[in-house]
Amino acid sequence: MSPVAKYFLFQALIIAPFAAGYFLKRRFASPAESSRKIVRSNLILVEPLIALWAIWGLRMSAELIVLPLSGLALVLLGLGLGAVIAPLLRLRGTSRAAFIISASLANHGFTMGGFICYLVLGETGLGYSFIFISYFMLYTYLIIFPYARRASSAGGDAPSPATYIFDLQNLPLVAVIAAIVLNLSGAPRPAVPFPSDVLLAVSIASYYFALGLNFSVSDLRGTLRESAALSLIKFVLVPAAAITLLHFSGLPRDMKTVIALQSFMPAAIFSVLASILFGLDTRLTSGFFVASTVLFILAGLPLLLLALPLLFR
């Protein structure tokens with residue numbers, strides 16, 4: 001598939017469902033509750049199947065540990081850059097915390113980063129992206145949520161890691177672990193057709209429809225300067241550091257490509273969730289999420305797909 005075809009496919013799976021959710025939300029008695037149910041259904045019913053199948057088919061090696069470590073390094077770099085730049089923007093209190101969290105968390109999951117890895121590298125890229133994202137919950141619950149609670153005006157308690165472990169929404173991580181165990185045990189993956197493309201399309205469209213149900217145009221107002229600073233972190237500083245280091249690494253080309261692609265990702269929906277849970281500046285984080293995603297889709301993604309063949313020749 002050509003870069004142009006990949007670009008338009010990606011747009012169709014994100015923009016159309018997002019717009020549909022936004023324009024149809026008045027038909028829902030409770031858009032927020034409907035959105036929550038859609039996201040939870042994806043996490044329980046669809047995403048675990050995709051993760052299990054993709055990772056089970058990988059060729060395992062010890063160097064794959066570099067993937068989650070790279071994911072952790074990228075979000076820690078974003079956290080540090082956010083902490084440096086936030087005071088320069090004169091952000092204080094919950095707004096400063098919201099900016100720092102948005103600078104750190106990125107959309108590495110298959111609703112963005114993982115799906116792009118799949119478009120570029122196929123099933124191998126998808127499997128690698130699931131291993132890459134395995135850092136996420138540990139980082140979120142041990143670093144991001146406690147930080148958000150301390151910065152919060154509401155002062156709420158962060159959910160404990162145990163709460164997440166025993167939640168059905170954790171099934172994607174369970175599927176990752178199960179797939180690795182099956183792979184390393186030598187159990188052959190069944191030689192049957194698996195609808196990876198269909199499940200990915202359904203899952204991504206559902207996620208962005210759910211996000212459209214929660215979106216308000218007012219979230220974008222008055223955040224131009226802050227969004228520009230966040231974009232500098234997401235699309236310039238973090239990718240530049242990642243690609244520079246990857247050029248000096250001896251990693252296989254596919255692993256380099258996955259890490260490079262993930263280093264360009266926009267803000268994550270979990271930054272909005274953290275703001276909601278702990279009383280931070282939700283208007284700011286919602287604006288960051290939408291603005292950085294739109295900028296990435298319209299400008300960042302086409303440039304990235306065109307430049308990718310030149311990165312690791």
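**Note on a cavity and a helix pair**

1. By residue class, the lining of the largest cavity comprises six nonpolar, four polar and one charged residues, where Ala, Val, Leu, Ile, Met, Phe, Trp, Tyr, Cys and Pro count as nonpolar, Asp, Glu, Lys and Arg as charged, and the others, Gly among them, as polar.

2. The model is predicted, with local features needing pLDDT of at least 70 and side-chain atom pairs pLDDT 80 or more, whereas totals for chains, interfaces and linings use all residues. Residues are numbered from 1 along each chain as its sequence is written, and side-chain values use heavy atoms, leaving out hydrogens and water.

3. The structure holds one cavity of 30 Å³ or more, a cavity being a set of points on a 1 Å grid over the protein atoms alone where a 1.4 Å probe fits but cannot get out. The largest cavity holds about 80 Å³ of space, the volume being that filled by probe spheres set on the points. Its lining residues (an atom within 4 Å of a point) include His-108, Lys-234 and Gln-262. Helix 3 (66-88), helix 4 (93-104) and helix 11 (224-247) each give two or more residues to this lining, helices being DSSP runs (H or I, at least four residues) numbered from the N terminus.

4. Helix 2 (residues 31-56) packs against helix 10 (residues 196-214) at an angle of about 160°, with axes 9 Å apart, the axes being lines fitted to C-alpha atoms over the stretch in contact and angles running from 0 to 180 degrees between N-to-C directions. Helix 2 is therefore roughly antiparallel to helix 10 (an angle over 145 degrees).

Definitions and conventions:
Parallel < 35°, antiparallel > 145°, perpendicular 65-115°, else oblique. 1 Å grid on protein atoms, 1.4 Å probe; cavity = no way out; pocket = protein on both sides within 12 Å on 5 of 7 lines; lining within 4 Å.
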